[in-house]
Amino acid sequence: MKILVTGGTGYIGSHTVVELQNAGYEVVVIDNFDNSHPSVLLNIEKITGKKVVFENIDIRDKKSLREFVSKNKDINAVIHFAASKAVGESVENPLKYYENNVGGTLNLLEAMQENGIENIVFSSSCTVYGEATPPVNEDAPIMLAQSPYGNTKQICEEVLLDQTNASNLKTVSLRYFNPVGAHDSALIGELPLGIPNNLVPYITQTAIGKREILTVFGNDYNTPDGTCIRDFIHVVDLAKAHIKAVEYLSNKKYKSSYSVFNLGTGKGSSVLEVIQTFEKVTQVKLNYKIGPRRGGDITQIYAGCEKAEKELGWKTERDLENCMKTAWDWEKKLESLLIS
Ligand code: NAD
Ligand code: UFG
């Protein structure tokens, strides 16, 4: 089986390429390094012992993408990660997000249709649910998007549904909750550009001294300790779900040619619990303070994951402690990796 991974040098993509190669799939990666580093390719090879077949292609460049896909008509499935993902930036520069995330997906679907490639796994987000009562299942209503980024995920899901209904396309949309952690080897992990927006990279960068202090955005929420609650899922667990999704499509296990699955642990952890777990696992005291709420944050969300367990045969294996340990090991190793 030959799998095309778009955005395969990114955070989730690189971990998925590792799992695909380890499971014996032939993998082809495209990326434009907009939010990743070429060294990732070598580090994947170090982990799996297999060379990564790679082409530097921008999915907005329709001509190059079509040429590439037409030379690779034997692709059995596409896992589509390539997108821009910074919520704040999407508010400031919405056109970039619609062009890259929606426009790029349209280009990809066109190239797939032209070349008879019928299976796609799409990276969606729990952001489509907005503020809902957890545990949130797949049949929870889609809420008005809080940001252009969130809207691109909703639009792409709609485009995929329409194209699935209109053609031979088979689609799995995976709604990720909060991916964290890194590969056990500490050779790949999250590479936030500039100041991180997300909690876990901010924690590890503060602990290592790149940032002075972590601000906890609000402790006056209606939760047991007053801080927000999220469903933190280990990136390796998440990566493995993509293999299950590819199998689900290729073995035609689906009831409907368009399927949606939540990918989370089913357990919520508060911001303070994450900090305490980090301190416990690493024995590093974290410099943090309580600050005001961050605009746009929802109080709490965690996944209902029964559908993924029942239909995909997938569930998470790692806990928050492992998420913190691997994220910390990665942070410690990061500088030497980028230099080498
Ligand atoms: P990432 O930024 O690490 O990876 C995305 C990759 O896509 C990067 O390597 C980037 O260079 C590449 N890319 C971006 N635009 C491209 C283009 N036009 N052409 C080719 N390559 C391009 O992000 P990630 O965290 O690995 O996220 C992967 C996917 O999962 C994205 O679609 C993201 O929206 C989605 N997602 C992520 C999260 C999260 O918290 N990380 C949550 C929900 C959904
Ligand atoms: N937080 C802090 N301090 C920080 C960073 C985050 O207290 O420095 C808090 C946030 O206020 C929030 C929690 O930690 O309560 C988690 O925040 P993240 O930014 O790590 O994650 P979010 O749940 O806000 O966002 C994630 C993805 C988005 C996606 C969203 C969907 O990063 O791409 O989930 O809900 F849109």
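A residue counts as near a ligand here if one of its heavy atoms lies within 4 Å of it. Keep that cut-off in mind for the two ligands below. The model is a predicted one.

Start with ligand 2. Several polar contacts can be picked out. The backbone of T215 places an N or O atom 2.7 Å from a nitrogen atom of ligand 2. R230 works from its side chain: an N or O atom there is 2.7 Å from an oxygen atom of the ligand. R294 also uses its side chain, with a polar atom 2.9 Å from an oxygen atom of ligand 2. On its own, ligand 2 has 680 Å² of accessible area, and the protein covers 88% of that.

Now turn to ligand 1. Its shell has 27 residues. The closest are D31, N35, K85, N100 and Y149. Again, look at the polar contacts. Y11 uses its backbone, where a polar atom is 2.8 Å from an oxygen atom of ligand 1. D58 brings a polar side-chain atom to 2.9 Å from a nitrogen atom of the ligand. K85, one of the closest residues, has a polar side-chain atom 2.8 Å from an oxygen atom of ligand 1. Taken alone, ligand 1 exposes 820 Å², and 94% of that is buried by the protein.

Which elements build the shell around ligand 1 with at least two residues each? They are α1 (11-22), β5 (119-125) and α6 (148-166). The largest share comes from β5, with three residues. By class, there are 11 nonpolar, 10 polar and six charged residues around ligand 1.

The protein also has open space to inspect. Rolling a probe the size of a water molecule over the atoms shows where empty space is left. The second largest pocket has a volume of about 180 Å³. Its lining is made of 17 residues. Nearest the centre of this pocket lie E190, P192, W330, E331 and L334. Two helices, α7 (199-208) and α11 (320-339), each supply at least two lining residues. The helix α11 gives the most, with six. The lining divides into 10 nonpolar, three polar and four charged residues.

A pair of aromatic rings is described by the distance of the centres and the angle of the planes. The whole structure contains five aromatic pairs. One of them joins F278 and W328. Their ring centres are 5.5 Å apart and their planes meet at 85 degrees, so this pair is edge-to-face. The angle cut-off for that label is over 60 degrees. F278 sits in helix α9 (residues 271-282) and W328 in helix α11. The two residues are 50 apart, and the pair links distant parts of the chain.

Finish with the backbone. A cis peptide bond joins P134 and P135, with omega at about 0 degrees. P135 is in the loop between β5 and α6. Both of those elements also supply residues to the shell around ligand 1. Elsewhere, K252 has a positive phi of about 50 degrees, although this residue is not a glycine. Where does K252 lie? It is in the loop between α8 (235-250) and β11 (258-263).

Notes: Residues are numbered from 1 along each chain as its sequence is written. Chains are lettered from A and ligands numbered from 1 in the order in which they are written. This is a predicted model: local features need pLDDT of at least 70, side-chain atom pairs count only at pLDDT 80 or more; totals for chains, interfaces and linings use all residues. Side-chain values use heavy atoms; hydrogens and water are left out. A polar contact is a pair of N or O atoms within 3.5 Å; within protein, one must be able to donate a hydrogen and the other to accept it, and residues adjacent in sequence count only if both atoms are side-chain atoms. Accessible areas come from the Shrake-Rupley method with a 1.4 Å probe; for residues, only the protein chains shown count as cover. Helices (H or I, at least four residues) and strands (E, at least two) are DSSP runs, numbered from the N terminus. Ala, Val, Leu, Ile, Met, Phe, Trp, Tyr, Cys and Pro count as nonpolar, Asp, Glu, Lys and Arg as charged, and the others, Gly among them, as polar. On a 1 Å grid over the protein atoms alone, a cavity is a set of points where a 1.4 Å probe fits but cannot get out, and a pocket is an open set with protein on both sides within 12 Å along at least five of seven lines; lining residues have an atom within 4 Å of a point. Grid points are joined across faces, edges and corners, and a volume is the space filled by probe spheres set on the points. Rings of Phe, Tyr and Trp (its six-membered ring) pair if their centres lie within 6.5 Å; planes under 30 degrees apart count as stacked, over 60 as edge-to-face and the rest as tilted.
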